[in-house]
Amino acid sequence: MAKAQLDEVDLEILAALSARADLTNKALAQRLGLAESTCAHRVRGLRDRGIIRDTRVRLDAAALGYPLEAIIKVRLANHTGEKVNALFDALVATPCVLQVFHVAGVDDFLVHVAVQDAAALRDIVLEHITVHPVVRGTETQLVFELRGGRGVLAEPTK
């Protein structure tokens, strides 16, 4: 995919929304010194072009009763496109799955989950992952702490 053509105003909008996705159009326009109509038009254009893909709320899984997070590494026995896509779809649809990464290397998928306890983690592995014939093996790593990164529009450190 070619890099999108973005001007400075687009980049400022994206940086502001990346830091605070809940900004109202009015607040965003004021912050950037734009007319509200211009700001709304720019944001709509960024959405229409697929540059802003979605807006999400990040939940505190532990506060909701899911204090144990883990990354489950999944290795496949074979890699036919149809089977890989079917497994990808199944992993994404699994309860308590936060994110699924299809990756290159020894492992084929990384599945980020949040669960109530170790038994629930075991159940995801045994009832939702290893039941697929294409899966050769799994390895589970507990997540002690998760911190967001700076993102692609952050200013470089000196």
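These legends go with several close-up views of the structure shown above.

**Before you look.** This is a predicted model, in which local features need pLDDT of at least 70, side-chain atom pairs count only at pLDDT 80 or more, and totals for chains, interfaces and linings use all residues. Residues are numbered from 1 along each chain as its sequence is written, and side-chain values use heavy atoms, with hydrogens and water left out.

**View 1. Strand 1 and its two partners.** Two strands count as paired if DSSP finds at least two bridges between them. Look for glutamate 69, which sits opposite alanine 114 of strand 3. Strand 1 also pairs with strand 4 (residues 135-143), again in the antiparallel sense, over 8 bridges. Here alanine 70 has leucine 142 as its bridge partner. Is strand 1 mostly covered or mostly open? Mostly covered: 7 of its 9 residues are buried. Buried means under 20% relative accessible area, exposed means over 50%, and partly exposed is in between (1.4 Å probe, protein chains only). While you're tracing a strand, keep in mind that side chains in a regular strand alternate between the two faces of the sheet.

**View 2. The hairpin of strand 2 and strand 3.** Strand 2 covers residues 97-102 and strand 3 covers residues 109-115; they pair in the antiparallel sense over 5 bridges. Find glutamine 99 and you'll see histidine 112 of strand 3 standing opposite. The hairpin has 6 residues between its strands, and glycine 105 there takes a positive phi near 120°.

View 3. Side chains of opposite charge can pair when their charged atoms come close. A salt bridge is a side-chain nitrogen of Lys or Arg within 4 Å of a carboxyl oxygen of Asp or Glu, and by this rule the count comes to 9. Which side chain meets aspartate 107 in a salt bridge? That's arginine 75, at 3.3 Å from N to O.

View 4. Why does glutamate 139 count as partly exposed? Because its relative accessible area is 35%. A contact means heavy atoms within 4.5 Å. Leaving out residues up to four places away in sequence, glutamate 139 touches Ile71, Ile72, Lys73 and Arg75. Glutamate 139 and valine 74 are 65 residues apart in sequence, and their C-alpha atoms are 6.8 Å apart in space.

View 5. Aspartate 123 and arginine 122 meet through their side chains in a salt bridge of 3.1 Å, N to O. Aspartate 123 is partly exposed at 27% relative accessible area, and arginine 122 is partly exposed too, at 45%. Elsewhere, salt bridges that share partners join Lys73, Arg75, Asp107 and Glu139 into one network.

**View 6. Aspartate 10 in helix 1.** Aspartate 10 has its place in helix 1 (residues 8-19). Aspartate 10 counts as buried because its relative accessibility is 6%. With residues up to four places away in sequence not counted, aspartate 10 touches Gln5, Arg42, Leu46 and Arg49.

How values were computed:
Helices (H or I, at least four residues) and strands (E, at least two) are DSSP runs, numbered from the N terminus.
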